[in-house]
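Here are my notes on this one, jotted down as I went through it. Have the viewer open while you read.

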Amino acid sequence: MILAISIENTNTILCGMDAKESKFVECLSTSVTRTEIEYAFAFKNIIELHHLSVDDVEGAIISSVVPPVTSVVKDAVRRIFEKEALVIGPGVKTGMNILTDNPAQLGSDLVASAVAGIHKYEAPMIIVSMGTATTLSVINEKKQYIGGMIIPGIKISSASLTKETAQLPKIGLEKPKKIIGTNTIECMKSGIIYGTAASIDGCIQRIEKEYGSPMETIVATGANIKHILPYCEREMCLDETLLFQGLKLIYEKNQKS
């Protein structure tokens, strides 16, 4: 089993990937104050919670957008599994051409998702990923990463709305009863859910217009996508473990090389 770890701004997500499927997906809050040993014990507990052993872990790979935490997690992996984790960055082979202005700036989570995307789906494609931020990654017909968009995430937008207004309460991401809300709570729910869905639909449409042709595939992924996908008008392929599939592919590619 390969342990794929995604260190994100809000959560650190662990996925155990074997040859055919993911064995588990679990998350911890990302904390710059958590120590190596705290991460190590948390990883061990998650493994054992799923009736697995640390000896089942053959290797590990890390995708991180929080640099201060990366080395701590890498040390935790070494401490508990006695493995040297591969960290996505310069020098790591991905098999994908990145045609952005500065490829080194592209987030390793976006790289991993795109690697899995071009492996599984028809291009050109857009990968919509909803985490702390909502990102749209565009891959052309030659399966090259050409750019994308970054939008404030749904939880960031919701929190900002309540923080910057005196009378609007905090709300969850529950399904709104209808589009036209008849009280403050329902108006907020409708605005957040349907507004985000409409934003994604509109962005896809504008990307296709600039690209010059429709996309063969729209892939939807990320921790928050389940809240929004039912309200999007564009047809999308839901693939919740796309990032971790990409991490596993990158791990295997670098082992062979």
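1. Ground rules. This is a predicted model, where local features need pLDDT of at least 70, side-chain atom pairs count only at pLDDT 80 or more, and totals for chains, interfaces and linings use all residues. Residues are numbered from 1 along each chain as its sequence is written, and side-chain values use heavy atoms, with hydrogens and water left out.

2. Thr30. Look in the loop between strand E3 (22-29) and helix H1 (36-49); helices (H or I, at least four residues) and strands (E, at least two) are DSSP runs, numbered from the N terminus. Thr30 is buried, at 17% relative accessible area (buried is under 20%, exposed over 50%, partly exposed in between, with a 1.4 Å probe and protein chains only). A polar atom of its side chain sits 2.8 Å from the backbone oxygen of Glu8. Leaving out residues up to four places away in sequence, Thr30 touches several others, including Ile7, Asn9, Tyr39 and Val69 (contact means heavy atoms within 4.5 Å).

3. Ring pairs. How many aromatic pairs does a search of the whole structure find? Two, where ring centres of Phe, Tyr or Trp (its six-membered ring) must lie within 6.5 Å, and planes under 30 degrees apart are stacked, over 60 edge-to-face and the rest tilted. Tyr39 and Phe43 have ring centres 5.9 Å apart and planes at 45 degrees, so they are tilted. Both are buried, and being four residues apart in helix H1, they are separated by about one helical turn. Then there's Tyr194 with Tyr231: centres 5.2 Å apart and planes at 70 degrees, so edge-to-face. Tyr194 is in helix H5 (residues 184-211) and Tyr231 in the loop between helix H6 (225-228) and strand E10 (237-238), so this pair ties together parts 37 residues apart in sequence.

4. Most residues other than glycine have a negative phi, and most peptide bonds are trans. The Ala123 to Pro124 bond is cis, with omega near 5 degrees, and Pro124 lies in the loop between helix H3 (108-120) and strand E6 (125-130). His51 has a positive phi, near 60 degrees, and counts as exposed at 75% relative accessibility. Lys143 also has a positive phi, near 65 degrees, in the loop between strand E7 (133-139) and strand E8 (145-152); at 36% relative accessibility, Lys143 counts as partly exposed.

Notes: Polar contact = N/O pair within 3.5 Å; in protein donor to acceptor, adjacent residues only side chain to side chain.
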